[in-house]
Amino acid sequence: MQHLALIGFGAIARTLVATLCDQPDMRLRKLSLLVRRTPDELRRAAAEICAPRDIEVQVFTDIAQMLAARPDLVVECAGQKAVADHGAAVLGAGVDLVTASVGAFADQALFDRLKETAAGRGARIILPAGAIGGIDALVAARLSGLDELSYTGRKPPGGWKGTDAESRVDLDALTEEAVFFEGTAREAAMRFPKNANVAATLALAGPGMDETRVRLIADPATTENTHEYQVRSQAVDYSMRLVGKVSPLNPKTSLSTAYSLARTVLNRSGAIII
């Protein structure tokens with residue numbers, strides 16, 4: 001893979017590009033970015049990151065023009081709306097799409113439409129693990145028969161600013177943890193589109209959006225993003241807890257998300273896939 005295209009160039013995308021440029025075996029020659037505004041400023045920022053590897057950077061504001069440049073892979077790093085706006089065009093061009101905003105697929109009609117488009121064009125929708133781990137064990141457990149999957153997401157109050165959590169709890173006044181949401185993964189992904197991608201990923205790897213139980217917590221005692229889930233199945237019972245460091249560029253984002261995307265891209269070009 002020599003030509004990578006990114007939808008968006010925010011915190012996740014910048015960390016992703018910097019990580020790829022640090023890999024000696026990465027054969028990336030061209031980077032295309034799809035952005036909504038300030039293309040010149042973003043081109044300079046991307047070129048600076050890519051400078052040590054002499055990677056050609058192109059910036060587009062039109063998806064058709066970006067796809068005309070024939071990228072080998074497109075990675076979405078711009079939020080659920082970007083999946084809805086551009087997913088069909090990417091897959092319709094026969095290009096595989098990696099989606100960071102897995103919560104977009106809480107919209108069943110969108111999910112079904114993109115799957116149909118991908119199948120018709122021989123393309124694939126690739127769902128990275130993102131900020132969570134153990135997806136391999138979860139899928140294996142699902143094949144054996146799942147009895148239960150429950151997830152708890154915990155972030156500092158500031159990590160929930162600008163979301164529906166503000167209408168449910170006074171984030172600035174919290175002195176102890178507050179559970180402000182309990183429901184399904186579908187409800188969580190739709191109510192908290194920037195904060196519930198982990199719940200959606202687990203649901204799609206597991207029993208489904210409506211069968212996965214979710215709790216979301218604002219905790220003033222933490223500065224990190226904590227993801228916990230429990231699985232009971234016919235093959236294995238296990239629990240997992242990951243404490244993600246927040247991105248220095250965006251406190252709502254787990255830093256590990258960008259590295260998970262980097263792993264996904266590297267697996268496309270490596271001789272060994274882990």
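I call a crossing left-handed if the near helix is turned anticlockwise from the far one by less than a right angle, and right-handed if clockwise. Helices (H or I, at least four residues) and strands (E, at least two) are DSSP runs, numbered from the N terminus.

This is a predicted model, in which local features need pLDDT of at least 70 and side-chain atom pairs count only at pLDDT 80 or more, while totals for chains, interfaces and linings use all residues. Residues are numbered from 1 along each chain as its sequence is written, and side-chain values use heavy atoms, with hydrogens and water left out.

**Entry 1: helices 1 and 9.** I looked up how helix 1 passes helix 9, and found a right-handed crossing. The axes of helix 1 (residues 11-21) and helix 9 (residues 255-269) come within 8 Å and cross at roughly 50 degrees, where axes are lines fitted to C-alpha atoms, for helices over the stretch in contact, and angles run from 0 to 180 degrees between N-to-C directions. The two helices are therefore oblique to each other; angles under 35 degrees count as roughly parallel, over 145 as roughly antiparallel, 65 to 115 as roughly perpendicular and the rest as oblique.

**Entry 2: helices 4 and 5.** I then turned to helix 4 and helix 5 (residues 108-121), which pack at an angle of about 15 degrees with their axes 8 Å apart, and that makes helix 4 roughly parallel to helix 5. Helix 4 passes helix 5 in a left-handed crossing. Their contact (heavy atoms within 4.5 Å) is made by Val83, Ala84, Gly87, Ala88, Leu91 and Gly92 of helix 4 together with Leu110, Leu114, Thr117, Ala118 and Arg121 of helix 5.

**Entry 3: Val83.** I followed Val83 in helix 4 (residues 80-92), which counts as buried at 1% relative accessibility; buried means under 20% relative accessible area, exposed over 50%, partly exposed in between (1.4 Å probe, protein chains only). Not counting residues up to four places away in sequence, Val83 touches Glu76, Thr99, Ser101, Ala104, Phe105, Leu110 and Leu114.

**Entry 4: helix 6.** In helix 6 (residues 135-144) I find Ile135, Leu138 and Ala141 buried. Seen down the axis of helix 6, these buried residues fall within an arc of 120 degrees, so they line one face of the helix, the arc being that of the directions from the helix axis to the C-beta atoms. They pack against strand 7 (146-155), helix 8 (197-205), strand 10 (225-233) and strand 11 (238-244), whereas the face turned away from the buried side carries the exposed residues Asp136 and Leu143. Just after helix 6, I note that Gly145 takes a positive phi of about 115 degrees.
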